[in-house]
Amino acid sequence: MGTVIDSHFLALTAIVTVGYQLMFFIVTFLLKFDKVTDFAGSTNFIIIAVLTLVLKGSWHFRQVVLTLLVVVWGVRLGLFLVMRILQWGEDRRFDEMRSNFGKLAVFWIFQAVWVWTVSLPVTVVNASDRDPPLQAQDIIGWIMWSVGVIVEATADQQKLTFKNAPENRGKWCNVGLWKYSRHPNYFGEIFLWWGIMVASTPVLEGAEWLVILGPVFLTLLLLFVSGIPLLEASADKKFGSVAGYRLYKKSTSPLILLPLVVYGNLPSWFKTAFLFEFPFYSGHLPQEGPSW
């Protein structure tokens with residue numbers, strides 16, 4: 001069952017992804033029910049990984065491992081996000097979209113592109129006939145994935161526990177991993193997908209190296225579009241006038257986990273150039289008045 005539509009399963013996975021996301025888009029728009037959004041995204045990754053593994057039928061060890069890594073990540077994230085939205089009620093991201101067909105459609109199209117693109121390394125590995133012996137890249141990639149998924153899961157649970165505590169209502173999360181990064185969950189997600197990319201490299205040849213677009217796309221998405229910028233703007237509007245929050249933001253890394261004593265003493269140019277502390281992350285902070 002080696003070839004379905006194309007030898008790398010790119011067209012097949014695109015068709016499956018568009019169809020799957022379209023189904024959930026219709027449910028969301030007609031029923032105004034947006035609790036399935038994150039479930040649709042995470043399970044789509046699982047479907048692509050398992051489908052390509054089974055259709056190829058090679059069952060190479062590297063293919064099985066990478067598929068299992070995606071399944072474990074997808075199941076964990078999907079269950080967590082579903083439980084969270086059931087606790088919190090409606091997804092506030094859709095407050096301005098539920099009755100706007102165009103805006104909602106753009107969101108679901110973007111989600112389909114996200115799933116298909118980020119899945120590229122696993123898709124191409126599962127479609128490959130090559131099965132070189134295990135190499136250092138495999139082990140390094142698996143370790144990166146392990147670190148990333150532990151960080152993401154820990155950060156998610158710490159924030160959920162923090163926000164569910166009545167005494168923390170109206171506060172920003174700065175406990176656990178959130179003391180060392182303003183977005184440790186995003187660091188974990190980026191790191192684990194780069195790990196999958198590294199673990200796929202022993203199989204790649206020629207144009208197949210373009211699958212690096214998967215983790216690159218995810219990184220750029222979280223750094224510049226729908227991840228950190230939106231959350232930074234939201235937090236700045238809520239807490240920007242609070243001195244403690246401004247100190248937290250100034251002394252805490254936006255992404256990479258670092259001790260406060262290290263990050264707080266680094267020069268601004270270094271933070272911007274190497275640690276992703278971009279000026280527009282503070283664009284919604286209220287301007288401080290004169291000190292006199």
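Predicted model: local features only at pLDDT ≥ 70, side-chain atom pairs only at ≥ 80, totals over all residues.
Q: Which hand does the crossing of H1 and H2 have?
A: Look at how the near helix is turned from the far one: anticlockwise by less than a right angle is left-handed, clockwise is right-handed. Here, H1 and H2 cross in the right-handed sense. Residues are numbered from 1 along each chain as its sequence is written, and side-chain values use heavy atoms, with hydrogens and water left out.

Q: At what angle do H1 and H2 pack?
A: Angles run from 0 to 180 degrees between N-to-C directions, and axes are lines fitted to C-alpha atoms, for helices over the stretch in contact. H1 (residues 10-31) and H2 (residues 37-56) pack at about 150 degrees, their axes 10 Å apart. That's why H1 counts as roughly antiparallel to H2 (under 35 degrees is roughly parallel, over 145 roughly antiparallel, 65 to 115 roughly perpendicular, the rest oblique).

Q: Which residues make that contact?
A: Contact means heavy atoms within 4.5 Å. On the H1 side you'll find, among them, Leu12, Val16, Tyr20 and Phe24, and on the H2 side residues including Ala40, Ile47, Leu51 and Thr52. By class, H1 against H2 gives 10 nonpolar, 7 polar and no charged residues (nonpolar: Ala, Val, Leu, Ile, Met, Phe, Trp, Tyr, Cys and Pro; charged: Asp, Glu, Lys and Arg; polar: the others, Gly among them).

Q: How does H2 pack with H5?
A: H2 and H5 (residues 120-127) pack at about 10 degrees, with axes 8 Å apart, which makes them roughly parallel. H2 brings Ile48, Ala49, Thr52, Leu53 and Lys56, and H5 brings Val122, Thr123, Asn126 and Ala127. That contact divides into 5 nonpolar, 3 polar and 1 charged.

Q: Is Thr52 buried or exposed?
A: Thr52, in H2, is buried because its relative accessible area is 0% (buried is under 20%, exposed over 50%, partly exposed in between, with a 1.4 Å probe and protein chains only). Leaving out residues up to four places away in sequence, Thr52 touches Phe9, Thr13, Thr123 and Asn126.

Q: How many residues of H7 are buried?
A: In H7, 14 of 17 residues are buried, so to speak mostly covered. H7 (residues 184-200) reaches 25 Å from its first C-alpha to its last, close to the 24 Å expected (1.5 Å times one less than its number of residues). Asn185 is in H7 and counts as buried at 14%.

Q: What covers the buried residues of H9?
A: The cover includes H7, H8 (213-224) and H10 (243-251). Buried residues of H9 include Ile228, Glu232, Asp236 and Phe239.

Methods: Helix = DSSP H or I, 4+ residues; strand = E, 2+ residues; numbered from the N terminus.
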